[in-house]
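Please look over the sequence and the model below before reading on.

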Amino acid sequence: MSTTGTTGRAAGTSVTGLGAGTSTSGSGVGAGPETGVGAGPETGVGFGPGTGEVRLGVASGALGGADLLAAASRIAPYVVRTPLLRGPVTAAHGTGLLLKAEHLQLGGSFKMRGAANAVLALAADRVVTGSSGNHGIALARIARTLGIPLTVVLAAGAMPSKAAAIRALGAETVQVGGGVAEREERARALAAERGAVLVPSSDHPLVVAGQGTVGLEILAAAPDTETVYVPTGGGGLLAGLCLAAAEHPVRVVGVEPALTPRYARSLAAGHAVRLPPCATVADGLRGQSPGAVPYPIIRDRVDELIAVGDAEILAATALLHRLGVDAEPSGAVAVAGALRAGRRERAVAIVSGGNTPARLHTLHHSHTSTSTTASTDVRI
């Protein structure tokens, strides 16, 4: 695999930071079954009636800068243009890291961008999704605004506070046993049963295009940026950044929790692989396999993938809190990656979410007191 950065994209991507139990050979999280999801640039994602049929970007090559610009225009009334904040110095005598403050986004995370773009473009009148929490919160907010019924399927390990926030915004929650794979299977089945539009948390071209608007804003505000560090779960945000940077010399570095380095493993194997469920502190990044839409985009453009351990994630979270940035652990993963890299460079790390317990408590009570929409908590 190439370790030469941008010039090595065609040959592969460098992978760093895989610690004990996470090497690309032998035992550890990579021992799970492999799948052929997203194995090539012409991979279809299978959207049909009742699941949000859309031709835009079904093949990864169909997604491009024009889709990101269209998304930016479409979602402008429903999102805020988040600032770049000064962050920590990542290397001795190095320049300070800039932070793309998506924790200040409406709904508390970057997920609002992709959720709004998909719902608006598809003119959805009923929506189902699977979510770790933040995508569900974002969809619940846009669904509440537009008066659309929403059902959010949550895996067994979902944070109760995020589930409560989703219900406070008027959505129905359905909880299943198992991990992200089981969650997504149930969401697909529910969408088909109810004739609803399925809006995945990352594996949809319109979601990827919406997330890519983060990259457009970064490169417009700081065009001399040398590296962008991107937290990576399902891969929608990383794929969006790859699209935004397609014609730009910036390095794009994905940062994964070391307990579930699904993109690093997949790129090393040459095809998408599925890892077992994990319980990383970065609860929003627990996806088990790459998405069919993000995978080929990331494969063809990402420069490096970094894996960070839970201790590093928590340390980065604490550092951000000392700087006045109220990030949740998933939102601090990119900063942890930048600190691990320790490069002297002009860099931006995306603080992807700030749905901390305190924020969620406020959200829950503010919306519960004014909600007129019935909500239910269904356990399966």
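Contact, as the word is used here, means heavy atoms within 4.5 Å. This is a predicted model, in which local features need pLDDT of at least 70 and side-chain atom pairs count only at pLDDT 80 or more, while totals for chains, interfaces and linings use all residues. Residues are numbered from 1 along each chain as its sequence is written, and side-chain values use heavy atoms, with hydrogens and water left out.

His103 lies in the loop between β3 (96-101) and α2, where helices (H or I, at least four residues) and strands (E, at least two) are DSSP runs numbered from the N terminus. His103 has a relative accessible area of 6% and is therefore buried; buried means under 20% relative accessible area, exposed over 50%, and partly exposed in between, with a 1.4 Å probe and protein chains only.

The chain as a whole has 13 helices and twelve strands. Of its 380 residues, 58% are buried, and the chain exposes about 13900 Å², of which carbon and sulfur atoms supply 56%; these accessible areas come from the Shrake-Rupley method with a 1.4 Å probe, and for residues only the protein chains shown count as cover. Among contacts between residues at least 6 apart in sequence, 73% join residues at least 24 apart.

How do the helices pack? Two packed helices are described by the angle between their axes and the distance between the axes. Helix α1 (residues 65-75) and helix α2 (residues 111-122) have axes 9 Å apart and pack at an angle of about 85°, the axes being lines fitted to C-alpha atoms, for helices over the stretch in contact, with angles that run from 0 to 180 degrees between N-to-C directions. α1 and α2 are therefore roughly perpendicular to each other, given that angles under 35 degrees count as roughly parallel, over 145 as roughly antiparallel, 65 to 115 as roughly perpendicular and the rest as oblique. On the α1 side, Ala71, Arg74 and Ile75 meet Arg113, Ala116, Asn117, Leu120 and Ala121 of α2. By class, this contact of α1 with α2 has five nonpolar, one polar and two charged residues, where Ala, Val, Leu, Ile, Met, Phe, Trp, Tyr, Cys and Pro count as nonpolar, Asp, Glu, Lys and Arg as charged, and the others, Gly among them, as polar.

Ile75 belongs to helix α1 and, with a relative accessible area of 1%, is buried. Leaving aside neighbours within four places in sequence, Ile75 is in contact with Arg113, Ala116, Asn117, Leu120 and Thr213. From C-alpha to C-alpha, Ile75 and Ala121 are 9.5 Å apart in space, although 46 residues separate them in sequence.

The loop between α2 and β4 holds Ala123, which is exposed at 64% relative accessibility. Most residues other than glycine have a negative phi, and most peptide bonds are trans. Ala123, although not a glycine, has a positive phi of about 50°.

Strand β4 (residues 127-130) contains Thr129, a buried residue with a relative accessible area of 0%. Outside the four places on either side in sequence, the contacts of Thr129 include His135, Leu139, Leu150, Val152, Ala187, Leu198 and Pro200. In helix α4 (residues 160-168), the buried residues include Lys162, Ala163, Ile166 and Ala168, and Gly170, which follows α4, has a positive phi near 105°.

In the loop between β9 (251-257) and α9 sits Ala258, which is buried at a relative accessible area of 13%.

Finally, the cysteines: Cys242 is buried at 2% relative accessibility, and Cys278 is buried with a relative accessible area of 18%. A search of the whole structure finds zero disulfides, a disulfide being a pair of cysteine sulfur atoms within 2.5 Å.
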